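Me: I would like to learn how to read contacts, sheets and helix packing in a model. Can you take me through one?

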Amino acid sequence: MIKTAKRATVFALAMLFLAGMALAQTDPGVQSASRGTGATIITTDPNGFLPFFQDGQNRFNDIESVSNSPSNNNGLGPRFNSNQCSSCHSQPAVGGTGAAVNPQFSFAGSPVAPKDSTPYFITANGPTREARFPFFFNANGGVNTGNPNGGVEDLFTVSGRSDAGSCSLQQPSFNAAEQANDIIFRIPTPVFGAGLIENLDDSTLLKNQVNNLNNNFGIAGAFNHNGNDGTISRFGWKAQNKSLHIFAGEAYNVEMGVSNELFPQDRPLPGEDGNGGSGLTGLPSNCLNLTGTGYPEDTSNPTSTPQAAVLDDVSAFANFMRFLAPPPTGGVVLNGQQVSASTIAAGASLFTAIGCATCHNSTPGTTQVSNFVPALSGAPVNAFSDIEIHHMGTGLADNVSQGGAGGDQFRTAPLWGLGQRIFLLHDGRTTNLNAAIEAHQGHGSEATNVEENFDNLSQQQQQEILDFLRSL
Amino acid sequence: MRCVVLRFLGLGLFVSFLAWGQSAQRNGGDFSNDTHPVTKVPTGVILVKGAWSSASDSVTPVPEDGSVTNNVFRDQYFGMTYALPRDWTEKYKGPPPSDSGRYVLAQITPGDSFKGPARASILITAQDMFFTPLPATNALELINYTKNNLQADYKLELPPTQTRIGGRPFTFFAYWSPVAELHWYVAASEIRCHAVEIVLSSRDTKLLESLMLDMSKMEVPAEASPTAGTGGGDVPVCIKDYASGENVIARVDPVFTEHRFNPVPVRIIIDKEGKVKHIHFLSAFPDQAKAITDAFKQWKFKPYLRDRKPVEVETGIMFGRGLRPATGNASVE
C-alpha cells in the first residue's frame, strides 16, 4: 500500500515535471517550407539590370580552380576557405548563410585541398566557418596578447593540387590556437535584401540612431565608418564594409584567394606578410601568379558579350547581392502544428515592448532614390537592424577589431530571414534561438536589461516571441 | 651492419632537419608548435577595445566607477549609495559609456535565492546632459521627452510627477505594456549635469511599489534636482559650453595621428587657476585621448567665479563628430 502511494506520488511528480517541460518555450527551429527566398527584387527594369542579376547569380555559383579551369574560373588560392561563393552562402537559397551540410568538411584530402587536414572545428553538419586568431604567436610559439592579429586565417591551401604547381603551404596552427584560447569563428552573413541596406542614406541612419536613444533599457550604440571617406559602413559582422562592391571584393580575395580589381594581390596570412614579427616576407614565389596570367586574377572583360559578361566577377557578385530581394516572411510550424497569425502578431508586439526592437529596428528607414531599379528607391528596409554596432559584452566578445568596432562590438544582426537560418550568432555557436537570446546578456553587454525583460515574460509570451522570430 | 647504422643516422639527421625546419617555420605570426601553452588568452576579458572610456588620473571619481560591493551600490562621482534589497544582486556589469553620453551605472536583479512571485529589474543609468542629442536640457525635460515619445505599444500609467527619493526631489512617471504585461517605473533627477534615472520594471506592480519604497533609503546628494543639479559644494560646478568664447584664454587644437570618425565626448574639470585639472574621456581611442590630453595641457581658461571667489568648474567638449539633435517635444504639460 505504501509502495503504491509512493509510486503514485512519483508518477504525479513526473507528470508535473513533464507538464512543466511542455510549457517551456521551444524554438520552432528552421522553417522548411519554401518562402520564395532568393528571388530578385527587380520587378520593373527600365535600365536593363535583370541580366546582370542573373549573370551575377551564375558567377556566384561558379567553382573556382587555381589555373586550369575549363570554364576559365581561375585564381583560387593559394589560401582559401572555399572555392565557390554559394557553397557558404546557400541556406535557404543562394545568397544565404551556411547550410546543414558543411561543404568545407569534404575539402581536405580531396582534390580541392589534397594535402590539408580538416581543422578540428569543421564538422560534417556544423557551421560553415572562417577562423581568426585575435593575437599573433611570438617567436617561441606562445600567444602574445600585446600584439593583436584578428585577420582571417584561411583554412585550406592549394598544396598538392594538380593545378597549383609546386606551391606548398602550411595551414595555420589551429590546434595550437585552440590550446592558447586564441581562435574565434565567423559564419557567413546572408545577403538577401543587401541592396536595400546599401541604399540607406547616412542621414536616415543617424536620425534613426537618435530616435533609438530614447529608451529605458540602457542601450546606446554607434556606427562603424569607412576609413576613406568617413561615411557609415554597414556590411559584415562588425559593419566593417562600406558597400557591396567592397564586401564582394574583400570576400573574393580573403575567402577564396582570388585577387581582383579592388584587392589586386594574392593575400598571405596576416603573419605570413611579416606582421606580428613572424619574420616572413610574404607568400613564397612558387605560390604567386599560379594562374600564370598575372594579376589581378579577376578583371573586367572588355570584349565579351553580352553586356553583363564585360563585368569582372566582383562587380557581378555585387549586382547579384544588390538585386536579391529581402527574405519573405512566412508561416511557422511548431511541433507539427501551424502557429496562428495572431500568435506571431503578439510575438511581434512583445519583441518591441521588451526592447529587442531598440536595436533590432523593424525598419531603420527608407532607401534613397536609386539609379539601379525602382524597387530599390524609397523602399522600407525591414531588416530588423539599426545597422549600428553595440557592445555585446564578454560572452560574445571576440577580441577582434575591425574599423572602429572593438573586440566586443557587433553590428545588430539583421533578423530578416531568421526563420530559415540554421546556425546563430556570429560564430554559429548555437542552433537554438533560446540560447542565442540568452547570450545577449553578459558583463558589458548593452542588451542585458532587454534580455532580463525577456526572462520576466511568461513562458507563453516567450514562446510567442520565438514563433515571431521564426516567421521572419 | 655499418650500412644500416649509416642509413639510420642519415634518416635521423633527415628527420631532425625536417623537424628543425618545421619548428623554425611554425613559430611566430600564424604558426605555433606549442600545443601546451603556458600563456593563454584569458576568457571573458575584452583585451582589444575600440573607443572606450578613460581618465587622466585614477583618483578623481568618474561616473562609470560605480559598483555593487557587499550588496551596496555606490557611485562616488554622483554621491549615491543604495543598499540593495535582500536577495538582489548585480549579476552583470553594464557596458562602457557611449559616445552620446549614456551610462549604465548598475543592473540589479533578483538573485538565485529570490522567492518572489515575479521577477523585476532595477536599472540605474545616467545621461550626460552636455552630450545628449535628445532635445532636453535637464532631467525633467528628458523625462517629458520620453513620456511624449513613448512607443505606441506603451500606455501611460502616471504622468511625470514630483516625488522624493532619499529625501531629494525626483521626477517620477510610469507606463506599461499591455501586451507584455510589464510595467516601468522611472524616476529621474539631475546630478552634476547628468540625468540620473532609476528604471524599475516588472509584471508585479506590488513588487515595483515596494522597490520604490525601498529607494527611500538611497543616499542622494543635496544638489539633486530634476531641473538644477549643477554641482557645487564639494564637487565642481558644472556648466555647459564653458569652454567657449571669452572663457577660453588659450587653446591649442589636438593633433590627431589617425583619421577617425567617431564622436569623442570629453568632460574636463578646470581648477581655480583656469587650468585643466582632470580629463574624462567618455569614449575615445587611445591615440585620440593622448592627442587631446597633450592639447589640454596648453589650454587656459578664465577662472569661474562664484560669490566673487574662483571655484572649480566642470564642462564638456565634443571632439570629432557629435550626434545631431533630434527634434521633438520635451515641453512640460
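Me: How many residues of chain A are in contact with chain B, and how many of chain B with chain A?

Reply: The size of an interface is often given as the accessible area lost when the parts come together. Here residue contacts are counted instead, in a predicted model: 78 residues of chain A touch 66 residues of chain B.

Me: Which element gives the most to the side of chain A that touches chain B?

Reply: Helix H11 (448-456) of chain A is among the elements that give two or more residues, and H11(A) gives the most, with 6 residues. The others with two or more are strand S3 (135-137), strand S4 (143-148), helix H4 (174-179), helix H6 (202-212) and helix H9 (341-353) of chain A. By class, that side of chain A has 27 nonpolar, 44 polar and 7 charged residues.

Me: What domains does the assignment give within chain A?

Reply: Domain 1 covers 28-38 + 201-238 + 326-471, and domain 2 covers 50-190 + 243-322. Their C-alpha centres are 28 Å apart. In the contact between them, domain 1 of chain A supplies 18 residues and domain 2 of chain A supplies 23. The domain 1 side of that contact consists of 6 nonpolar, 9 polar and 3 charged residues.

Me: How do I read the packing of helix H2 (residues 50-61) of chain A and helix H8 (residues 313-322) of chain A?

Reply: Two packed helices are described by the angle between their axes and the distance between the axes. The axes of H2(A) and H8(A) come within 7 Å and cross at roughly 115°, which means that H2(A) is roughly perpendicular to H8(A). Their crossing is left-handed. H2(A) contributes Phe52(A), Phe53(A), Asp55(A), Gly56(A), Gln57(A), Arg59(A) and Phe60(A) to the contact, and H8(A) contributes Asp313(A), Ala316(A), Phe317(A), Asn319(A) and Phe320(A). By class these are 6 nonpolar, 3 polar and 3 charged residues.

Me: In what order do the 6 strands of the open sheet in chain B run?

Reply: Strands of a sheet pair through backbone hydrogen bonds, either parallel or antiparallel. In chain B the order is S1-S16-S15-S20-S13-S12, with mixed pairing. Strand S1 (52-55) and strand S12 (231-232) of chain B are the edges, each pairing on one side only. Strand S13 (residues 235-238) and strand S20 (residues 313-319) of chain B pair in the parallel sense over 2 bridges; Cys238(B) is opposite Glu314(B) in S20(B).

Me: Which strands does helix H4 (residues 286-296) of chain B lie across?

Reply: H4 of chain B lies across S1, strand S15 (264-270), strand S16 (276-284) and S20 of chain B, and runs at about 160° to S16(B).

Note on methods:
Residues are numbered from 1 along each chain as its sequence is written. Chains are lettered from A and ligands numbered from 1 in the order in which they are written. This is a predicted model: local features need pLDDT of at least 70, side-chain atom pairs count only at pLDDT 80 or more; totals for chains, interfaces and linings use all residues. Domain bounds come from an automatic or database domain assignment. Two residues are in contact if their C-beta atoms, placed from the backbone, lie within 7 Å. Ala, Val, Leu, Ile, Met, Phe, Trp, Tyr, Cys and Pro count as nonpolar, Asp, Glu, Lys and Arg as charged, and the others, Gly among them, as polar. Two strands pair if DSSP finds at least two bridges between them. Helices (H or I, at least four residues) and strands (E, at least two) are DSSP runs, numbered from the N terminus. Axes are lines fitted to C-alpha atoms, for helices over the stretch in contact, and angles run from 0 to 180 degrees between N-to-C directions. Angles under 35 degrees count as roughly parallel, over 145 as roughly antiparallel, 65 to 115 as roughly perpendicular and the rest as oblique. A crossing is left-handed if the near helix is turned anticlockwise from the far one by less than a right angle, and right-handed if clockwise.
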